[in-house]
Amino acid sequence: MNKTELKEFLDEKVIQYNNPRFIESDPIQIPHQFSIKEDIEIAGFLTSTIAWGNRKIIIRNANLMMELMGNSPYDFVMNHKENHLNNFDDFVHRTFNSTDFKFFIKSLQNIYKNKGGLEEIFNIYAAKDSLQPAIHEFKKVFFEIPHLQRTEKHISDPLKGSSSKRINMFLRWMIRNDNTGVDFGIWNSLTPAQLSCPLDVHSGNVARKLGLLTRKQNDAKALDELDKNLRKFDKNDPVKYDFALFGLGVFEKF
């Protein structure tokens, strides 16, 4: 395929997968349970944090997270008492355990009480055409309160070489308004043009087969390469192609 044909092919796949049916089998269904902005943010952030591995198990454990917070994540974050966190003792998703979960609640409380909320941090540190520097700064803010070193691994840092797939996915959910009811588009201070594709094994492999990516590792350098190529197709909404790459990889075994 030449560039024009490839763009037409990918645009068709975006239409195919960027629609409400996508929600049924995707972790994005968890924040879709809520209508209040802060509930959506917190549910989305926690869900994206554990979004690796089997998708059914991700969804099951993310639902359990919501249940442990009384299905009112923002209220729980802001008003919980220390003893309420004891209910988390048996929670585990792969390497994310109850200790990590408890810290995440405390850090989110610090962010909403003292930093203006999640959106404000990313807005302050965003670059004109990228949110990768903002992710780096967000991690510093997130871990500014006392914590165990082990918990730091659950938020990646693109300036240290990571593709930061999960947090880029969370940012897509919050910022991109797709007019189809999948992504939320509730962060109006930032634009889809600043987003980067959530690069994982599926989207990476498809991107390589389509000639959009030459680098073999799914790291920050690969993300930069993929970003540049996707922006050639749509500079205002480059990550809409995440739906095409992911759909081709997961649903079509491309």
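Modeller: Contact here means heavy atoms within 4.5 Å. This is a predicted model, in which local features need pLDDT of at least 70 and side-chain atom pairs count only at pLDDT 80 or more, while totals for chains, interfaces and linings use all residues. Residues are numbered from 1 along each chain as its sequence is written, and side-chain values use heavy atoms, with hydrogens and water left out.

Colleague: With that in mind, which residues is F45 in contact with, leaving aside its neighbours within four places in sequence?

Modeller: F45 is in contact with F104, L108, L118, F138, F142, I155, I167 and F170 once those neighbours are set aside.

Colleague: Which residues touch the most other members of the largest nonpolar core?

Modeller: A nonpolar core is a set of buried Ala, Val, Leu, Ile, Met, Phe, Trp, Tyr and Cys residues joined through side-chain atoms within 4.5 Å, where buried means under 20% relative accessible area with a 1.4 Å probe, protein chains only. The largest such core holds 82 residues, and L10, F45, L46, F138, F142 and L212 touch the most other members. Buried residues make up 55% of the 254 residues in the protein.

Colleague: How many helices and strands does the protein have?

Modeller: Helices (H or I, at least four residues) and strands (E, at least two) are DSSP runs, numbered from the N terminus. The protein has 11 helices and two strands, in the order α-α-α-α-β-β-α-α-α-α-α-α-α along the sequence.

Colleague: What share of contacts between residues at least 6 apart in sequence joins residues at least 24 apart?

Modeller: That share is 68% in this protein, whose C-alpha trace spans about 60 × 35 × 30 Å along its principal axes.

Notes: Buried means under 20% relative accessible area, exposed over 50%, partly exposed in between (1.4 Å probe, protein chains only).
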